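I opened the model to look up its fold, its sheet and its charged pairs. My notes follow the order in which I checked things.

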Amino acid sequence: MIKLEIPRRDEVHLAIVDTLTNLALAHQVRVDSSLKEPLLTDGGAKFKGAEKIKAYLAETEEELHAWWYCAC
């Protein structure tokens with residue numbers, strides 16, 4: 001399960017939550033006001049900062065589409 005910790009509920013951070021929801025990935029979101037940047041944990045991989053998280057989710061989306069259309 002993907003765990004996302006965000007420092008506050010604002011447009012930037014809620015857009016990341018929306019992306020996770022749209023990808024239909026199991027995820028948990030927690031607000032931690034002591035954080036300066038959002039933190040996403042997926043297994044052993046950690047991504048800190050909105051841009052790194054967005055890049056990881058874009059890559060994940062591409063992989064999901066590849067598997068969806070794969071006739072393996």
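**Entry 1: ground rules and surface.** Accessible areas here come from the Shrake-Rupley method with a 1.4 Å probe, and for residues only the protein chains shown count as cover. With that, I read off that the protein exposes about 5200 Å², of which carbon and sulfur atoms supply 54%. I noted that this is a predicted model, where local features need pLDDT of at least 70, side-chain atom pairs count only at pLDDT 80 or more, and totals for chains, interfaces and linings use all residues. Residues are numbered from 1 along each chain as its sequence is written, and side-chain values use heavy atoms, with hydrogens and water left out.

**Entry 2: overall figures.** I looked up the extent next. The C-alpha atoms fill a box of roughly 45 × 25 × 20 Å along the principal axes. I call a residue buried under 20% relative accessible area, exposed over 50%, and partly exposed in between (1.4 Å probe, protein chains only). On that scale, 31% of the 72 residues count as buried. Then I checked contacts, meaning heavy atoms within 4.5 Å. Among contacts with a separation of 6 or more, 60% come from residues 24 or more positions apart.

**Entry 3: secondary structure.** Helices (H or I, at least four residues) and strands (E, at least two) are DSSP runs, numbered from the N terminus. I found two helices and four strands. Along the sequence the pattern reads β-α-β-β-β-α.

**Entry 4: the sheet.** In what order do the four strands form the sheet? I read S2-S1-S3-S4, an open sheet with mixed pairing. Two strands pair if DSSP finds at least two bridges between them. S2 and S4 (45-48) stand at the edges with a single partner strand each, so one side of each has no neighbour in the sheet. The twist averages 15 degrees from one strand to the next.

I then went through the partners of S1. S1 and S2 pair in the parallel sense, over five bridges. Leucine 4 has valine 29 as its bridge partner in S2. S1 and S3 (residues 39-42) run antiparallel and are joined by four bridges. Lysine 3 shows both sides: it stands opposite glutamine 28 in S2 and opposite threonine 41 in S3. I also checked cover: four of the five residues of S1 are buried.

Entry 5: H1 lies across S1 and S2, and runs at about 165 degrees to S1. For such angles, axes are lines fitted to C-alpha atoms, for helices over the stretch in contact, and values run from 0 to 180 degrees between N-to-C directions.

**Entry 6: salt bridges.** I counted a salt bridge where a side-chain nitrogen of Lys or Arg is within 4 Å of a carboxyl oxygen of Asp or Glu. How many salt bridges does the structure hold? I found three.

Arginine 30 bonds to glutamate 5 in one of these salt bridges, with the closest N and O atoms 2.3 Å apart. Arginine 30 lies in S2 (residues 27-31) and glutamate 5 in S1 (residues 2-6), so the pair ties together parts 25 residues apart in sequence. Glutamate 5 also stands opposite arginine 30 in the strand pairing. Arginine 30 is partly exposed at 44%.

Arginine 30 also meets aspartate 32 in a salt bridge, at 3.6 Å from N to O. Aspartate 32 counts as buried, at 17%. I therefore logged Glu5, Arg30 and Asp32 as a network of salt bridges.

Arginine 8 forms a salt bridge with aspartate 10, and their closest N and O atoms are 3.1 Å apart. Both ends are partly exposed: arginine 8 at 44%, aspartate 10 at 22%.
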